[in-house]
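I set out to record what I looked up in this structure.

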Amino acid sequence: MPIIANMMTMDPIAYLDIVLRFSGITCLFLILIFTCRDLRSSARTKLLAAACISVIALLLGYTPEFLNLPESVRPFLRFLDVPHLVLIWLFAMSLFQEKFSIWPVYAAIGLIYCMPIFITRLAEFGFISGYPAWIIPLVSIASLILVGHLVTIALVGRSDDLRVERRDLRIWFVAVMVGVTILAAVSEAIPSIQAGLPRQTVKALTIWPGIVFASYWLLSVEPGKITFAGTVKTGQLSTLAEAKNAELLRKLENHMQSERPYLEAGLSIDMLAGQLALPTHRLRYLINQSLGYENFSSYVNSHRIESVKQALSNPNQAHLPILTIALDNGFTSLPSFNRAFRKFENVTPSTYRKENLRPVR
């Protein structure tokens with residue numbers, strides 16, 4: 001057993017590497033097992049599972065000399081770890097983007113990102129003679145671009161997000177991912193590290209905080225599991241709480257119908273909460289839990305679209321351009337209006353007007 005023999009003469013840095021590496025692998029296996037068990041039909045689970053497998057391959061295949069696996073296994077692991085950052089990128093987008101799907105442009109970006117890494121792996125195992133020196137810096141820059149894109153998605157959508165847990169996750173996710181990925185990308189481009197740390201150990205060190213964060217977030221234990229008290233489910237709220245929610249819901253809908261605040265293009269949830277004299281978090285919870293909207297813009301657009309549909313069906317407004325109707329109902333541009341209209345009605349505004357315009361009597 002060469003690994004065990006090597007462990008007998010290891011220095012403290014080697015022990016640090018082992019602790020980081022195999023604790024991380026253990027956490028990733030637990031995440032993989034539990035998410036596959038509980039969320040088997042979820043598309044997000046598939047991305048998360050693939051990301052876990054790829055990062056496990058990275059931790060097992062990219063090791064210092066004293067932990068090197070047999071040469072028959074290591075090439076497989078090193079090729080398997082190539083898309084790990086792309087998979088994390090896709091998984092994060094699936095968390096923060098409504099109705100996420102892997103568009104062809106995402107697949108193309110992933111392939112372009114992985115190609116130079118794949119070339120370095122071919123050279124690493126002797127399939128090609130070498131690769132240009134600029135490939136490693138290119139991979140680091142591309143990694144920073146992916147992280148920047150994730151940061152933008154997470155932060156830009158936070159104010160519009162009605163799910164409290166996901167709003168909080170956005171901040172923590174950004175903080176952890178930025179730190180971890182920047183350090184990981186930089187470590188790839190540094191030939192040697194101060195204090196005598198091998199690059200492989202630095203890589204494990206930079207990935208480890210992200211694994212711990214993911215484990216803390218995903219491997220939670222519900223209090224009901226050990227108290228046997230169960231958890232409160234939708235429909236099991238107290239009668240008083242249900243009555244209060246119903247009263248607030250009526251107040252909200254009456255305000256939307258009578259005052260029509262959605263006609264204001266810059267309407268935010270803070271502004272609407274101020275008009276209703278409600279705390280923002282209370283209004284956010286009400287719209288999400290009682291009406292089922294994931295973000296505030298979808299809720300506001302639902303009212304705008306209903307108003308637009310009335311205008312498109314009204315023969316007295318048949319002379320008005322669709323753009324004018326859209327702007328009059330709170331939309332800021334024709335492309336954003338068209339996207340919202342197709343999302344709610346599955347047809348273009350012009351088709352809807354043609355099919356629903358009432359004749360003049």
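Entry 1, a cut-off. I count a residue as buried when its relative accessible area is under 20%, as exposed when that area is over 50%, and as partly exposed in between. I also note that the model is predicted.

I looked up Asp17 and Arg21, whose side chains meet in a salt bridge with an N to O distance of 2.9 Å. Are these residues buried or exposed? Arg21 has 1% relative accessibility and therefore counts as buried, because the cut-off is under 20%. Asp17, at 0% relative accessibility, counts as buried too.

I found a salt bridge between Asp81 and Arg78, with the closest N and O atoms 2.7 Å apart. Both Asp81 and Arg78 are buried.

Entry 4, a pair between loops. I then turned to Glu294 and Arg163, whose side chains meet in a salt bridge at 3.4 Å, N to O. Where do Glu294 and Arg163 lie? Glu294 lies in the loop between H13 and H14, and Arg163 lies in the loop between helix H7 (135–156) and H8, so the pair ties together parts that are 131 residues apart in sequence. Glu294 counts as partly exposed at 26% relative accessibility. Arg163 is partly exposed as well, with a relative accessible area of 33%.

The structure holds 12 salt bridges.

I recorded a volume of about 2,000 Å³ for the largest pocket. Of the 50 residues that line this pocket, Arg44, Leu95, Arg163, Arg166 and Trp217 are the closest to its centre.

Entry 7, the lining. Which helix gives the most to the lining of the largest pocket? H8 does, with seven residues. Helices that each supply at least two residues of the lining include H2 (12–38), H3 (43–61), H5 (84–96), H8 (164–189) and H9 (199–218). H13 (280–291), H14 (296–313) and H16 (334–345) are also among them. By class, I list the lining residues as 20 nonpolar, 13 polar and 17 charged.

Technical notes: Residues are numbered from 1 along each chain as its sequence is written. This is a predicted model: local features need pLDDT of at least 70, side-chain atom pairs count only at pLDDT 80 or more; totals for chains, interfaces and linings use all residues. Side-chain values use heavy atoms; hydrogens and water are left out. On a 1 Å grid over the protein atoms alone, a cavity is a set of points where a 1.4 Å probe fits but cannot get out, and a pocket is an open set with protein on both sides within 12 Å along at least five of seven lines; lining residues have an atom within 4 Å of a point. Grid points are joined across faces, edges and corners, and a volume is the space filled by probe spheres set on the points. Ala, Val, Leu, Ile, Met, Phe, Trp, Tyr, Cys and Pro count as nonpolar, Asp, Glu, Lys and Arg as charged, and the others, Gly among them, as polar. Buried means under 20% relative accessible area, exposed over 50%, partly exposed in between (1.4 Å probe, protein chains only).
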